[in-house]
Structures are given as structure tokens and as C-alpha cells.
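This report goes through a set of helix contacts, strand pairings and local backbone features. The sequence and the structure come first, and the description follows.

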Amino acid sequence: RYKLACAPTFNARAVEDSRAMVQGIVDARARALPRAGVVELRTAYAAPIAVSTIARVIGLPEAMDERLRDWYDTFADALVNYARDDATRTRAHAAVLAFRAAIAPRLAAPDAGERTLLASLARAYPRLLDDREIGSNALIVLFGGIETTEALIANALWAILTHPAAHARARASDADLDRCIEESLRWEPAVQTCTRYVPDAALLHGVAIPRGAVVQVMLGAMNRDPAHFANPERFDPWRTESVVHTAFGFGRHFCLGAALARLEARLAIRRLFDDWPALALDDRRSLPPSGHEFRKPGALVVGLG
């Protein structure tokens, strides 16, 4: 019910309609980078593109981008608060309340001409979701649109820049760039695991899983399954077997924002390649992708030439 209500904002046509908006955000972030020297691209480029794009899609103004990033950081801390630190939980609850307060005026009086997520859900007749449900789902969309897209852009750049042949072909061809992005989604997916409920009893490799059980699905391991992928540890955008990865999940839980994330990555990386022909990874100052739940480079330092 929640996903169906939100889906029109993220379907293929809506994403294509947002291309100019995303390109404008990418162009602005590229202009903010130095023309030469060294820069850390994950925080200076990938992260702001992800924040600004999902904020505009949700229906929040540019003036809120810094606050959204602060709230996001608070939510991220809470998601990995395995020690159950009370101060972390308190900050997260406060951030949730602040976010709900910020979107309340937009739900109470939605702009008739807006095609954003908040406006569309608030104008729906009959109302598919109440205000609290809209707020909860907007929070999920916000977090997913920042964390995973930032990581997708950064992980794809890491993969391409550490493989010279892929780098050369991705620079020369949009089709090859797309293949590199898809292979990076298999090789280093932004989300490594997902939790699922078992609707019917099943037997998996001799293990009985009862109905109603909670299972932790290891997406990263599935994407490197040697039964499906030849040499799965190798980054190979031109592998001959089917590159059907699970980076965006699968089935009814397939990622709502997959098309938007792919568009952001394609435009962001293409702009870098077009503007900085000598772009190269600084091996000494960069840190490879890491993380059990969410995975991205610790630092993506490049020389701009």
C-alpha cells in the first residue's frame, strides 16, 4: 500500500521528466569543484548531488539541504546504534519530529502545480496515506535517496578509476559507462543486506525455514555467487553471463528509486569525465569501499589534473 502510493513519483516517465532538474544539480556541483588539484569526491560531489536531488523530488526547498543532511546523519547514527546509546536515540527522535514539522505546511496546503512526492500524496483523492504515514514514508525515501545514491556514485567511480581499461571505455562511450555502473552495482552494492519475512514455509539447501520467520538476506554475497557469476570477485563490465544483480532488491520490494539513482550516477560520472580528462584516483589518500550494512569508500580522493 505504501509503495503503490509513492510509486508514480519514481516511475520511468517521472524520472525522465526530472532529467533536466538532476542535470542542473550535477552541473552546479561540478562548477563548485576546483578546476585542478586534489578533491575528495564522495563528500564534495556524490553526497550533495544525492541530497539535493531527493530533496527536490520529495518537495523540499534548496534552503533546507543543510538541515536535511544533518537530519540524515542523525538517522544514520541511529540505524547503526547497536549499543543502544540513549543520547543517539534521543537525537534521532528529535530529528524525526523536526522533519515532520518541516513538511506539515506542505501537506496542509499542497501546491496544485507541484508533481513532488509530498504534493502528490497530499492531493490524492481519496487520500491513500494519512499525514503520519506520508511523513514516515518520506523519511524512508529521504534516507534511501541519500545513502544509497551517494554510495552508488562513489562505488562506481572507485570501480572505474581502479580499472584502467574500464576507465578508458567508460569515458569514450555512454553504453560502456552504463555497463560499468551496472557491474559496480553487482561488485560493490551500496546495501549489503536486507531483512525479509517468510510468507510460506520453505526448504533452502536442506535448511527448513518456517512460515513467519525473519531472514537476513546477504545481497552482497548473492551478487558474488560463483554458481551464477564466473570469477565473481573480478570487476568485469563485459562479462558474458547475465548481469542480473540484486543491488536494488527484487520482487515486490524492488527499490522504488532505482531508475532515479541510475540517472544520477550516469549524469554525475559523465560530467566528471567530460570536464576533467586527467581525472585519476589518488591511491595514497583514498580508502576502498567498506561497511557491513551500508558500503561506500571511506575516502575517494582524486587528482583533477
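## Helices α5 and α6

Which residues in α5 meet which residues in α6? In this predicted model, the α5 side of the contact consists of Leu-68, Trp-71, Thr-74, Phe-75, Asp-77 and Ala-78, and these meet Thr-88, Arg-91, Ala-92, Ala-95, Val-96, Ala-98, Phe-99 and Ala-102 in α6.

The helices concerned are α5, residues 65-79, and α6, residues 86-108, and they pack with their axes 9 Å apart at an angle of about 140 degrees. Because angles over 145 degrees would be needed to count as roughly antiparallel, α5 is oblique to α6. The crossing of α5 and α6 is left-handed.

Five aromatic pairs are found when the whole structure is searched. One of them involves the rings of Tyr-72 and Phe-143, whose centres lie 5.2 Å apart and whose planes stand at 35 degrees, so that the pair is tilted.

## The three-stranded sheet

An open sheet is formed by three strands in the order β1-β9-β6, with antiparallel pairing. The edges are taken by β1 (38-40) and β6 (280-281), and since each of these has a single partner strand, one side of each is left without a neighbour in the sheet.

Between β1 and β9, the latter covering residues 301-303, the antiparallel pairing extends over three bridges. Within this pairing, Val-39 is found opposite Val-302 of β9. Helix α4, which covers residues 41-58, lies across both β1 and β9, and its direction makes an angle of about 55 degrees with β1.

## Helices α4 and α12

Besides lying across these two strands, α4 also approaches helix α12 (residues 258-275): the axes of the two helices come within 11 Å and cross at roughly 140 degrees. The two helices are therefore oblique to each other, and their crossing is right-handed.

On the α4 side, the contact is made by Leu-41, Tyr-45, Ile-49, Ala-50, Thr-53, Ile-54 and Val-57, which meet Leu-260, Glu-264, Ala-268, Arg-271 and Leu-272 of α12. The residues of this contact divide into nine nonpolar, one polar and two charged.

## The β7-β8 hairpin

Strands β7 (residues 287-290) and β8 (residues 296-299) pair in the antiparallel sense, with three bridges between them. Ser-290 has Lys-296 in β8 as its bridge partner. The two strands form a hairpin with five residues between them, and in the turn Gly-291 adopts a positive phi of about 125 degrees.

## Backbone features in loops

Where does a cis peptide bond occur, and what is its omega? The bond joins Tyr-125 and Pro-126, with omega about 0 degrees.

His-205 is located in the loop between β3 (202-204) and β4 (207-209).

How values were computed
Residues are numbered from 1 along each chain as its sequence is written. This is a predicted model: local features need pLDDT of at least 70, side-chain atom pairs count only at pLDDT 80 or more; totals for chains, interfaces and linings use all residues. Side-chain values use heavy atoms; hydrogens and water are left out. Two strands pair if DSSP finds at least two bridges between them. Helices (H or I, at least four residues) and strands (E, at least two) are DSSP runs, numbered from the N terminus. Contact means heavy atoms within 4.5 Å. Axes are lines fitted to C-alpha atoms, for helices over the stretch in contact, and angles run from 0 to 180 degrees between N-to-C directions. Angles under 35 degrees count as roughly parallel, over 145 as roughly antiparallel, 65 to 115 as roughly perpendicular and the rest as oblique. A crossing is left-handed if the near helix is turned anticlockwise from the far one by less than a right angle, and right-handed if clockwise. Ala, Val, Leu, Ile, Met, Phe, Trp, Tyr, Cys and Pro count as nonpolar, Asp, Glu, Lys and Arg as charged, and the others, Gly among them, as polar. Rings of Phe, Tyr and Trp (its six-membered ring) pair if their centres lie within 6.5 Å; planes under 30 degrees apart count as stacked, over 60 as edge-to-face and the rest as tilted.
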